[in-house]
Amino acid sequence: MKLLIKNGRVIHPVTGAILLQDILVEYGRISLLERGLTAQVDQTVDASGLTVAPGLVDMHVHFRDPGLTYKEDILTGCAAAARGGVTSVACMANTSPAVDCPEQVAYVLGRAKEANGVGVYPVAALSKGLQGEEPTDAEALKAAGAIALSDDGCNVDNANLMRDALILARQLELPILCHCEDTSMVAGRAVNEGSVSRQLWLEGRPAIAEEIMIMRDAMLAEETGGRVHICHVSTARGVEIIRKMKKKGVLITCETCPQYFTLTEDEVLTQGGMARVNPPLRTKKDVQGIIAGLKDGTIDAIATDHAPHAPDEKARPLSRAPSGMIGLETSLALALTRLYHTQKLDLPGVIRRMSTNPADILHLARGRMSLGAVADLVIFDPDEEWTIDPDQFASKARNTPFAGMRVKGRVKYTIAGGKVIYQGG
């Protein structure tokens, strides 16, 4: 299979260059990057007026498969990814049963082979059953195909367990992805502790609950020499902790999500459970802190924490609605709208945080625009305006607080392994 992409503005996220180039793809890999290419090919894509970038790598998604497939499954999750320009996803382990043994890793990889070509990379549980008590067999999980360990959805309250995991993960070169919220401070609480929680007469999830655990895990990484990744950072002070630890040489990386640089806790007042997410939407000051962390490189990656739920679940009262929102089909548009079009980041900076950096953190050979690289590509119009309409989503779920929002930047083609897996209007 040979594919020729003509006349595109090609982003090279490592160097930061944007060049007018054609791309020849042969047998799933980039074979030529030049202007004026001609070749006998099976398919030609005219990218005139469009931008071509490495396919996005979403290092934090929940596909609910096995066990909760009425919310989402691997096939529909991959279809949603393709619509959003995402060609690689890291699936979290909090399924039913949890992905805490080699057999469950094999199940995820097997189901992924039935999907559309999006790369599905299992993240296995750090503790058995996500209970935070007994470690999983990290070596066996890696051998089965797990690319990282995480109890995401749950904080690992047991510091000794986390310390041991960091020591072992250093030996195995297996990333540890941490959901940082002290359980005793947030259990059963739906919204950020602040003005909105007071208006609603609800106990809130305080920012300090996240920040304490970020500091603990950063200190454990410093003490062990291990490498730790902090998931979905949502507070300005959390960013500052990570910034200081990086300056000390601690091996720490982190991600944030579009909701944390776009929305504030006030969204809960109008959208109720639809705006409930863990960690919660925070304050305007926190949004500003997240953007500052993206601008100066403290925040390495943008992920979605794609968390599908059924409509009747999200329609429950705020205190009983499940936490989470979907994001695969809107993440690039939101990042372009809130970061690129507001001149917070340039285009290579956005793409680097959504492709190259997460791939590097997870040790994946993805997110590159170079000869011989796997031809995972997204072609998009950074200036096209459109309105987010969940009824058009490929995901089974519709739980997004961004419904009806006008955004700027639209995916036109998604290519995985040299094959066009999505073509938009």
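The model is a prediction, in which local features require pLDDT of at least 70 and side-chain atom pairs count only at pLDDT 80 or more, whereas totals for chains, interfaces and linings use all residues. Residues are numbered from 1 along each chain as its sequence is written, and side-chain values use heavy atoms, with hydrogens and water left out.

The secondary structure of the protein consists of 14 helices and 18 strands, where helices (H or I, at least four residues) and strands (E, at least two) are DSSP runs numbered from the N terminus. Along the principal axes, the C-alpha trace spans about 65 × 45 × 45 Å. Of the 425 residues, 60% count as buried, a class defined by a relative accessible area under 20%, with exposed meaning over 50% and partly exposed in between (1.4 Å probe, protein chains only). The accessible surface comes to about 16,000 Å², and 49% of this area belongs to carbon and sulfur atoms; accessible areas come from the Shrake-Rupley method with a 1.4 Å probe, and for residues only the protein chains shown count as cover. Among contacts (heavy atoms within 4.5 Å) between residues at least 6 apart in sequence, 75% join residues at least 24 apart.

Pockets were then examined. Rolling a probe the size of a water molecule over the atoms shows where empty space is left. On a 1 Å grid over the protein atoms alone, a cavity is a set of points where a 1.4 Å probe fits but cannot get out, whereas a pocket is an open set with protein on both sides within 12 Å along at least five of seven lines, and lining residues have an atom within 4 Å of a point. Grid points are joined across faces, edges and corners, and a volume is the space filled by probe spheres set on the points.

The largest pocket has a volume of about 550 Å³ and is lined by 28 residues, with Asn94, Gly153, His179, Asn278 and Ser323 lying nearest its centre. Its lining comprises seven nonpolar, twelve polar and nine charged residues, where Ala, Val, Leu, Ile, Met, Phe, Trp, Tyr, Cys and Pro count as nonpolar, Asp, Glu, Lys and Arg as charged, and the others, Gly among them, as polar. Asn278, one of the residues nearest the centre of this pocket, is joined to Pro279 by a cis peptide bond with omega of about -10°, and Pro279 is placed in the loop between α10 (267-271) and α11 (284-295).

The second largest pocket holds about 230 Å³ of space. This pocket is lined by 14 residues, of which Arg83, Glu329, Trp386, Arg410 and Tyr422 are the closest to its centre. Two or more lining residues are given by each of α13 (331-340), β16 (377-387) and β17 (406-416), and the largest share, three residues, comes from β17. By class, the lining has six nonpolar, four polar and four charged residues.

A cis peptide bond also occurs from Ser96 to Pro97, with omega near 5°, and Pro97 belongs to the loop between β7 (86-91) and α2 (102-112). Positive phi values in residues other than glycine are found at Asn7, near 70°, and at Asp305, near 55°.

Helix α7 (residues 207-224) contains Ala218, which is buried with a relative accessible area of 0%, and Asp217, which counts as buried at 1%. Leaving aside neighbours within four places in sequence, Ala218 is in contact with Met245, Val250 and Ile252, while Asp217 is in contact with Met162, Leu166, Cys178, Cys180, Val228 and Ile230. Asp58, in strand β6 (residues 56-61), is likewise buried, with a relative accessible area of 3%; the C-alpha atoms of Asp58 and Met354 lie 6.9 Å apart in space, although the two residues are 296 apart in sequence.
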